[in-house]
Amino acid sequence: MRSSLWQLTLTRLREFVREPEAVFWTFVFPIVLALLLGFAFSSRGDQDVHVGVRDGAGAAAVVAALEDVAGVRVRLLDEEESAAALRRGRVALVVVPGAAGVTYRQDPTAPGAREARLVVDDALQRGAGRRDPVRASLERVEERGSRYIDFLIPGLIGLNLLSTGLWGVGYTVVRMRAGHLLKRYMATPMRRWEFMASFLLGRLVFLAVEIAAILLFARLVFGVEVRGSLALVAAFGVLGAIVFTSFGLLVASRARTTEGIAGIMNLVAVPMWILSGVFFSYERFPEWTHGAIRALPLTPLVDGLRAVINEGATALDTAPAIAVLGAWGLVAFGSSMLLFRWR
Amino acid sequence: MRNPGGSAAAVRCRGLVKRYGELVAVDGLDLDVAAGECFGLLGPNGAGKTTTVEVLEGLLEPDEGEIEILGMRWSSHERELRRSIGIQLQDTRLPEKLTVAETIRLFRSFYPEGPDVDDVITRVQLQEKRDVWVRKLSGGQRQRLAVACALVGSPRILFLDEPTTGLDPQSRRALWGLVEGFRGAGGTVVLTTHYMDEAARLCDRLAIIDHGRVIAQGSPHDLVASLGAEQVVEFSLASGEAPPEHELAALPGVSGVRGNGDSWALTVHAVHVTVPALLARLAREGSDLARLATHDATLEDVFVHLTGRSLRDA
């Protein structure tokens with residue numbers, strides 16, 4: 001490696017490890033997030049359904065019918081209370097007893113609304129004597145690779161690559177511009193591409209540590225296993241780091257203040273956090289949006305990592321994702337070189 | 001190297017113009033700096049000194065004019081020029097969490113040839129701070145480090161933009177020593193300053209700049225001598241009226257008069273003749289002196305003479 005490229009990369013590494021906060025947000029934060037989300041979604045088992053019963057004639061009978069049903073928490077509420085409880089999401093459903101049966105009050109789009117309605121209706125109908133003609137039994141599936149934590153870990157790796165690339169690089173560059181350090185570098189024979197490349201190389205060094213820390217943690221605490229090849233996981237990591245470091249350089253290519261760049265970075269990052277399937281599958285969005293979502297750089301990264309880690313996909317299986325990432329890397333690095341302002 | 005015809009010009013520019021929108025920062029500037037000399041751009045803040053050096057350094061594009069550095073132009077020989085000159089910019093924030101040695105090694109790596117890192121550290125007298133983070137350095141030490149970063153490529157020309165602004169007297173002297181050392185080894189220096197003492201001490205020749213133009217050029221001695229007087233008599237009155245300006249100008253030995261009603265400054269070439277005459281004249285008016293002082297004429301007086309303003313509050 002040329003000595004100047006090496007010195008620039010060393011500078012990136014030194015600046016990073018001498019900044020304890022950066023180390024925390026890069027290495028510790030994703031693990032804390034995995035821990036919290038992993039427990040929130042995995043240790044809770046079946047969730048109870050919270051139901052209100054509007055006080056009045058027949059209310060006592062409904063409460064009695066629901067009280068002993070497993071997984072249902074029922075409470076008696078007057079009219080005002082039941083409206084408030086619905087509004088605040090403390091109950092997913094309010095049963096209003098009437099002369100000819102019951103009325104269910106709920107917002108059908110609220111989380112858990114349909115489940116509450118089905119569970120309550122089922123309990124009430126059975127309590128009133130319904131007989132089920134088909135015998136059904138439940139077999140619990142807890143296959144590794146299909147739990148929420150298995151879904152989450154690749155998403156967190158992708159998210160981390162996005163954040164460290166954008167924020168780590170973006171802020172550093174803007175501070176250098178504000179302090180006239182970029183201008184000072186321009187006053188030397190330094191090759192400009194080497195300056196840009198030092199950010200990529202610096203990120204790659206920590207990447208291994210970053211991904212290994214998350215995977216090891218997930219393995220030890222949640223038993224998340226990597227089914228595919230570790231080399232392919234690493235390859236996705238490298239591609240992801242290149243793409244998002246280039247994005248960091250690109251968003252920082254013109255900005256003069258950290259306030260200014262914070263806005264641009266949120267504009268770039270927030271849509272991907274929501275759309276690219278980090279925390280929940282983008283299959284939940286309407287079909288017609290999927291094409292656009294898959295074109296975002298975070299989506300192929302997270303999809304690819306998920307396929308390799310959870311399903312043991314091969315390089316050939318994930319070739320489309322690799323191609324999309326590679327294209328983003330070239331476009332982002334190339335345009336940051338073109339747009340970069342040194343003053 | 002490339003110095004066509006062996007001509008001695010280190011820096012040569014003609015008709016330099018740089019505008020920022022409506023503002024004309026540099027307004028038709030000509031400069032010639034000979035190899036091996038220390039050349040100063042002296043002027044108040046906002047005179048266009050920094051813009052001028054940054055255009056010379058190839059960091060700003062001039063709107064008009066021609067520049068040759070060591071006989072080369074920025075448009076055709078940027079790489080060679082970058083390797084041949086060393087630059088210290090006004091307030092550069094070097095990476096706070098690198099040590100002195102790491103910073104110098106980083107800058108050294110950009111140049112194909114140059115001294116050892118430790119040689120440079122010794123030259124700028126930062127041996128004791130070698131492994132200390134930049135953020136822990138004092139203002140004077142930071143400035144010496146900035147100059148060290150300009151020296152790492154063994155430059156033929158050193159550009160310094162207000163190298164001692166804001167420094168304590170001891171740090172200023174240390175920096176002056178550095179500049180003199182570089183010159184002593186045959187280097188060319190172009191520096192900007194708004195300190196007349198710095199200009200007088202370091203520079204072989206000066207251009208006094210105001211509003212983006214050169215208003216006077218020459219050696220410090222010649223510039224002071226151009227006042228036609230070597231000394232300045234300043235006085236102010238406690239009571240009574242000063243004589244009218246033309247009468248002061250007519251006093252023996254006086255070559256120039258400036259005043260603002262309260263205090264007056266006479267440029268003179270014979271204090272021993274002028275002062276008794278002045279005192280006699282004031283006594284006749286019945287005016288009492290509040291203050292009377294004489295000092296050797298300086299570059300400051302040259303600037304005041306040329307612009308009617310002083311360097312500090314121009």
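This is a predicted model: local features need pLDDT of at least 70, side-chain atom pairs count only at pLDDT 80 or more; totals for chains, interfaces and linings use all residues.
**Helix packing, sheet order and chain contact**

Me: Into which classes do the residues of the contact of α1(A) with α8(A) divide?
Reply: On the α1(A) side, the contact includes A:L5, A:L8, A:R12 and A:F16. These and others meet residues of α8(A), among them A:E194, A:F195, A:L201 and A:V205. The residues of this contact divide into 10 nonpolar, 4 polar and 2 charged.

Me: Which strands stand at the edges of the open sheet of chain B?
Reply: The sheet has 6 strands with mixed pairing, in the order β5-β6-β7-β3-β8-β9. An edge strand has a single partner, so one side of it is left without a neighbour in the sheet. The strands in that position are β5 (85-88) and β9 (213-218) of chain B.

Me: Which residue of β7(B) stands opposite B:F159?
Reply: Strand β6 (residues 157-161) of chain B pairs with strand β7 (residues 188-193) of chain B in the parallel sense, over 5 bridges. Opposite B:F159 stands B:V190.

Me: What angle does the direction of helix α1 of chain B make with that of β7(B)?
Reply: Helix α1 (residues 49-56) of chain B packs on the sheet, where it touches β3 (38-42), β6, β7 and β8 (205-210) of chain B. Its direction and that of β7(B) make an angle of about 150 degrees.

Me: At what angle does helix α11 of chain B run to β8(B)?
Reply: Helix α11 (residues 299-307) of chain B lies across β3, β8 and β9 of chain B. Its angle to β8(B) is about 40 degrees.

Me: What distance separates the centres of the two domains of chain B?
Reply: The domain assignment of chain B gives domain 1 (4-224) and domain 2 (228-296). Taken over C-alpha atoms, their centres are separated by 41 Å.

Me: Which element gives the most to the side of chain A that touches chain B?
Reply: In the contact between the chains, 17 residues of chain A meet 21 residues of chain B. Both α1 and α7 (181-186) of chain A supply at least two residues of the chain A side. That side divides into 5 nonpolar, 7 polar and 5 charged residues. With 6 residues, the element that gives the most is α1(A).

Terms used:
Residues are numbered from 1 along each chain as its sequence is written. Chains are lettered from A and ligands numbered from 1 in the order in which they are written. Two residues are in contact if their C-beta atoms, placed from the backbone, lie within 7 Å. Helices (H or I, at least four residues) and strands (E, at least two) are DSSP runs, numbered from the N terminus. Ala, Val, Leu, Ile, Met, Phe, Trp, Tyr, Cys and Pro count as nonpolar, Asp, Glu, Lys and Arg as charged, and the others, Gly among them, as polar. Two strands pair if DSSP finds at least two bridges between them. Axes are lines fitted to C-alpha atoms, for helices over the stretch in contact, and angles run from 0 to 180 degrees between N-to-C directions. Domain bounds come from an automatic or database domain assignment.
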